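Student: Hi! Could you walk me through this one before I set anything up?
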Amino acid sequence: MKNLVVICILSLLSFNCSAQTDHKNDKEKSEMKPSKNEDGEWDLTVIDTQFDYFLNAVAKPINQYSESYLKSRNILLVSEWNSYYTSGKYRNIIESSIDYDPKEKYGLKFEYKLYQVFAYVNWKYGLRMNGLSGSDATRY
């Protein structure tokens, strides 16, 4: 299994995802795909030094969310994100789509981290997304 790093936000925020390598054309639509780690859990690796700071110092702790709440939010947020990607809106921030299956049980940690990616984009770049809850949708 190869690791594929997909640059998605101003070339600073990247997702390390496993993906099948099917390089038909480098100009084809890039896509972020969740992957499972060695323990069989879904994982999302964000490569941005400020993201870890955001998670530890700014983001609400994981215990303030339920998995079902985060899943419902992520379904909306991924749809909104992919809509922006497809339309070219915010192309200086959104450089790839997200492959997210609403029927898949990703687990609380993954759903939390994905949700915090959207909150982070709001915090760092001011990109407001309709799927963020009120307290997460404000610039900190």
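Tutor: Happy to; we can start with confidence and then go through the helices and the ring pairs.

Student: Great. What is the mean pLDDT of the chain?
Tutor: This is a predicted model, and the mean pLDDT of the chain is 77, with 74% of its residues at 70 or more.

Student: Where is confidence lowest, and where is it highest?
Tutor: Strand β1 (residues 3–9) has the lowest confidence, at a mean of 32, while α2 has the highest, at 96. Over residues 1–29, pLDDT stays under 50, and the model has 74 contacts beyond four places in sequence for them. Where pLDDT is low, the predicted coordinates should not be read in detail.

Student: Noted. How many helices and strands are there?
Tutor: The chain has 3 helices and 7 strands. Along the sequence the pattern is β-β-β-β-β-β-α-α-β-α.

Student: And how much of the chain counts as buried?
Tutor: Of its 140 residues, 44% count as buried. The accessible surface of the chain comes to about 8,000 Å², and carbon and sulfur atoms hold 48% of that.

Student: Let's go to α1. Which of its residues are buried?
Tutor: In helix α1 (residues 49–58), the buried ones are Phe51, Phe54, Leu55 and Val58. They sit on the same side of α1, because the arc they cover around the axis is only 120°. Thr49, Asn56 and Ala57 are exposed on the other side of α1.

Student: What covers the buried residues of α1?
Tutor: The cover includes β6 (45–47) and α3.

Student: So α3 comes up again. Is α3 (residues 108–125) enclosed or open, and why?
Tutor: α3 is largely enclosed by the rest of the structure, because 14 of its 18 residues are buried.

Student: What about the span of α3?
Tutor: At 1.5 Å a residue, helix α3 (residues 108–125) should span 26 Å, and its end C-alpha atoms are 25 Å apart, which agrees. Just after α3, glycine 126 takes a positive phi of about 75°.

Student: Switching to rings: how many aromatic pairs are there?
Tutor: The count comes to 13 aromatic pairs. One of them is phenylalanine 51 with tyrosine 120, an edge-to-face pair at 5.3 Å centre to centre and 85° between the planes. Phenylalanine 51 lies in helix α1 and tyrosine 120 in helix α3, so this pair ties together parts that are 69 residues apart in sequence. Both phenylalanine 51 and tyrosine 120 are buried.

Student: And how do tyrosine 100 and tyrosine 106 pair?
Tutor: Tyrosine 100 and tyrosine 106 are stacked, 5.0 Å centre to centre with 25° between the planes. Tyrosine 100 is buried, with a relative accessible area of 10%, and tyrosine 106 is buried too, at 7%.

Student: Which residues do ring pairs link into a cluster?
Tutor: Phe51, Tyr53, Phe54, Tyr120 and Trp123.

Student: Last topic, α2. What does isoleucine 75 touch?
Tutor: Isoleucine 75 lies in helix α2 and touches Tyr100 and Pro102, leaving aside residues up to four places away in sequence. The C-alpha atoms of isoleucine 75 and proline 102 are separated by 6.3 Å, though the two are 27 residues apart along the chain.

Conventions:
Residues numbered from 1 in each chain as written. Predicted model: local features only at pLDDT ≥ 70, side-chain atom pairs only at ≥ 80, totals over all residues. Heavy atoms only, no water. Helix = DSSP H or I, 4+ residues; strand = E, 2+ residues; numbered from the N terminus. Expected span 1.5 Å × (residues − 1). Buried < 20%, exposed > 50% of the residue type's maximum accessible area, 1.4 Å probe, protein only. pLDDT = per-residue confidence, 0-100. Contact = heavy atoms within 4.5 Å. Areas by Shrake-Rupley, 256 points an atom, 1.4 Å probe, with all protein chains shown as cover. Arc of directions from axis to C-beta. Phe/Tyr/Trp six-rings, centres within 6.5 Å; stacked < 30°, edge-to-face > 60°.
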